[in-house]
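Open the model in your viewer and keep the selection tool at hand. This tour moves from the whole chain to single residues.

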Amino acid sequence: MNTSPTETIRWGILGPGHIARQFAKQLPSSQTGELVAIGSSDLTRAKDFAVEAGVPHAITGTYEEVLSNPDVDAVYVSTVNTSHAKLVLAAVHAGKHVLCEKPLAPNHGSVMAVVDAARTAGVVLIEAYMYRFHPQTAKLLELIGNGAIGQVQHVDASFCFEVPEKKGRLFDANLAGGGILDVGGYPVSMARAVAGAASGKSFVEPNDLRAAGYVGSTGVDEWAVAHLTFPSNLTATLRAGIRIQNPEEVTVTGSEGTLFLSDPWTIHDRQELVLRRVGEQPQKFTFASDNPANQSYALEADALAKAVGTGQESREMSLDDTLGTSAVLDRWREQVGVRFPFEADEANIPTVSGLPLAVLPDAPMRYARIPGLDKPVSRLVMGCDNQPDLAHASSLFDAFWSAGGNTFDTAWLYGTDGEHEKRFGRWLANRGVREDAVVIVKGAHTPHCDPDSLSRQLLESLDRQGLEYADVYLMHRDNPDIPVGEFVDVLDEHAGAGRITAFGGSNWTLDRFDEANAWAATNGRRPLTVLSNYFGLAEAYDVPWAGCRTATDPESKRWLTEGDVALLPWSSQARGFFARANPDDLSDSDLVRCFYGDANFERKRRAEQLATEFGVPATAVALAYVLAQQFPTFALVGPRSIAEYRATMMGLGIELNEEQTSWLDLRNGQNSF
């Protein structure tokens, strides 16, 4: 659909509740919207709503019937919190644009999956924080950006109300109740937007959050307070509650005055923004609701129409903004101690769509073989140490699997008490894909690098993950004080018992690796066939952790090419060097120490030049370089989000030839390619 901002958008409403009535009431005041359909699980309710809304001949039916109707362009989702994600995905798959009531999903993991689906499908999706579309919010942010109150120092924002009885969805943990998720997103999104306006950006993420609250007998937070600190030292105090009276207000304090909003969220008949500057009379800005230009629900509808017409995400509420708010809400709930039953570490979390996990027909993944392992191995390997909870891990692993990724890197050392191994094992069991997956287990890390510790940690890792065997086992470090034959013997013993298949070493020297295989050949043991050292386009001038080894030197490349050894390089994209390294930015001391140097910045320049030609990020070129070697490589990647993973995946679409890889690695004298 190529709808311009002024063309009519034919709307369907999914969930004819109280907020949907407000949307239907104001939609006629929009410049672009027309209500044509009502979807509900109760057909009678849908028909009654249509009559009440003044559209008695509207299409009425189930959610599925509304979504399948070609006369509907977009839908407004206003059902209970736990049903949002599934309905939005159904709408996306039906090719409909979506305005969804907050929260888009109960947690950041599910929000990531929904946002990714919408972006992939090319449909417009907006989270309906309708206050963000009101002129008073725009005026507030404009005044801040123009320096009306000087340097912004603090935001105080509250959205609280008191429900007399602990009944209904707000007090039901299975329906994602509680104040933080129901109304906490308003002050959170406001604080992030204020911090953004003060910095000349759309929003800024807090670098610190501390919170407290009260969790009642039903397992949801009844009131909660969060204190945020932003990189500019701007602070915010936020309150949310469903069992406490507190004025619904926003006060922004600066070095030269304050900005004050009463009732900033639900937008009543006459809104007023008050600017107070030191030594001056207050200045008031009023916004009457009888003016169509001040009707937030209508403005939301027009914002979606504009996004459809321009092909750009909503300026008032982008999907990156939605992702950031949901991540803060997760942190707030975690500190207060609220985790819903369907998010528990032992929960059987389904895919966000509710459909079985499957590899997409056009999956871009490439595969190769690891010596000693009779399974195809994806050339990208998902690191299982950057997922804060099971919901996040599930969405990220699902996306990886759908793209054909079947190989996962785990380690006994990751997380507290093996939390990352347990999380991955739960996902593996939930999806039922163990036999198609390639699981890498690492153990025997310093100071527990000895045969006894190796055996103990291997058994613990298998138990944590619920596995009978590991497809690949890697010693996480080497200990030269122990004869290499002792390690070979114990690895061979576990392989003979069926606990491991292929095995090798991570951060081993080539001499030690050769010594191990010489012992194996002499004594009838299985050989090491896998090495996991640092390798990437950027040369490592130092290593991030003690005991690490690199394989970027010419001798290592020759050794890998001549030997029957698979390389699983960690930090295959040089810890973000190609994405964020700048000679003037010394804030990341590890990045500076390990990778900053003239030669690497020249490699980065060349990667950026090729990236422009290919139409991809420089990180994709850096990954393509790793995969273009003459020896088998399987790049370990550690994306923290689906968006990061998508950017990484672009490297699979680039086939570098020998001339290009030589040029990137400064092996010829050309300055341009």
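**The whole protein**

Start with a cartoon view: the protein has 21 helices and 24 strands. Its radius of gyration is 28 Å, close to the 26 Å that the globule rule gives for 673 residues, so the protein is as compact as a globular protein of that length. This is a predicted model.

The C-alpha atoms fill a box of roughly 90 × 55 × 50 Å. Under it, 58% of the 673 residues count as buried. Next, look at contacts with a separation of 6 or more: 71% of them join residues 24 or more positions apart.

Nonpolar side chains tend to be buried together in soluble globular proteins. Select Ile370, Tyr473 and Phe577. These have the most contacts inside the largest nonpolar core, which has 136 residues.

Zoom in on tyrosine 473 and show its neighbours. Leaving out residues up to four places away in sequence, tyrosine 473 touches Val441, Lys442, Gly443, Ala444, Leu454, Leu458, Leu491, Ile500, Ala502, Phe503 and Gly504. Another core lies apart from the largest one; it has 85 residues, including Ala50, Ala74, Val220 and Tyr297.

**From E19 to H12**

Stay with one of those neighbours, Ala444. Alanine 444 sits in the loop between E19 and H12. Its phi is near 60 degrees, a positive value in a residue other than glycine. Is alanine 444 buried or exposed? Alanine 444 is buried, with a relative accessible area of 0%.

Step along to proline 447, in the loop between strand E19 (438-443) and helix H12 (451-465). Check omega here. The peptide bond from threonine 446 to proline 447 is cis, with omega near 10 degrees.

**A cis bond at proline 103**

Jump to residues 102 and 103. Lysine 102 and proline 103 are joined by a cis peptide bond, with omega about -10 degrees. Proline 103 is in the loop between strand E5 (97-100) and helix H5 (108-121).

**Helix H14**

Select residues 510-523, helix H14. At 1.5 Å a residue, its 14 residues should span 20 Å; the end C-alpha atoms are 20 Å apart, which agrees. Colour Leu510, Arg512, Phe513, Ala516 and Ala520: these are buried. Look down the axis of H14. Its buried residues fall within an arc of 165 degrees, so they line one face of the helix. Asp511, Ala521 and Thr522, on the other side of H14, are exposed.

What covers the buried residues of H14? The cover includes helix H13 (484-496), strand E21 (500-506), strand E22 (530-532) and helix H15 (554-562). After H14 comes glycine 524, with a positive phi near 70 degrees.

**Helix H9**

Move to residues 319-336, helix H9. The 18 residues should span 26 Å at 1.5 Å a residue, and the end C-alpha atoms are 26 Å apart, which agrees. In H9, 13 of the 18 residues are buried, so the helix is largely enclosed by the rest of the structure. Glycine 337 follows H9, and its phi is positive, near 95 degrees.

**Two loop residues**

Pick threonine 266, in the loop between strand E12 (257-262) and strand E13 (270-277). Threonine 266 is partly exposed, at 35% relative accessible area. Which residues does threonine 266 touch, not counting those up to four places away in sequence? They are Met130, Phe159 and Glu248. Now draw a distance to glutamate 142. Threonine 266 and glutamate 142 are 20 Å apart in space, C-alpha to C-alpha, and 124 residues apart in sequence.

Finish at arginine 575, in the loop between strand E23 (566-567) and helix H16 (577-580). The phi of arginine 575 is near 55 degrees, a positive value in a residue other than glycine. Arginine 575 counts as partly exposed, at 27% relative accessibility.

How values were computed. Residues numbered from 1 in each chain as written. Predicted model: local features only at pLDDT ≥ 70, side-chain atom pairs only at ≥ 80, totals over all residues. Heavy atoms only, no water. Helix = DSSP H or I, 4+ residues; strand = E, 2+ residues; numbered from the N terminus. Buried < 20%, exposed > 50% of the residue type's maximum accessible area, 1.4 Å probe, protein only. Expected span 1.5 Å × (residues − 1). Arc of directions from axis to C-beta. Contact = heavy atoms within 4.5 Å. Rg over C-alpha atoms; globule rule 2.2 N^0.38 Å. Core = buried A, V, L, I, M, F, W, Y, C linked by side-chain atoms within 4.5 Å.
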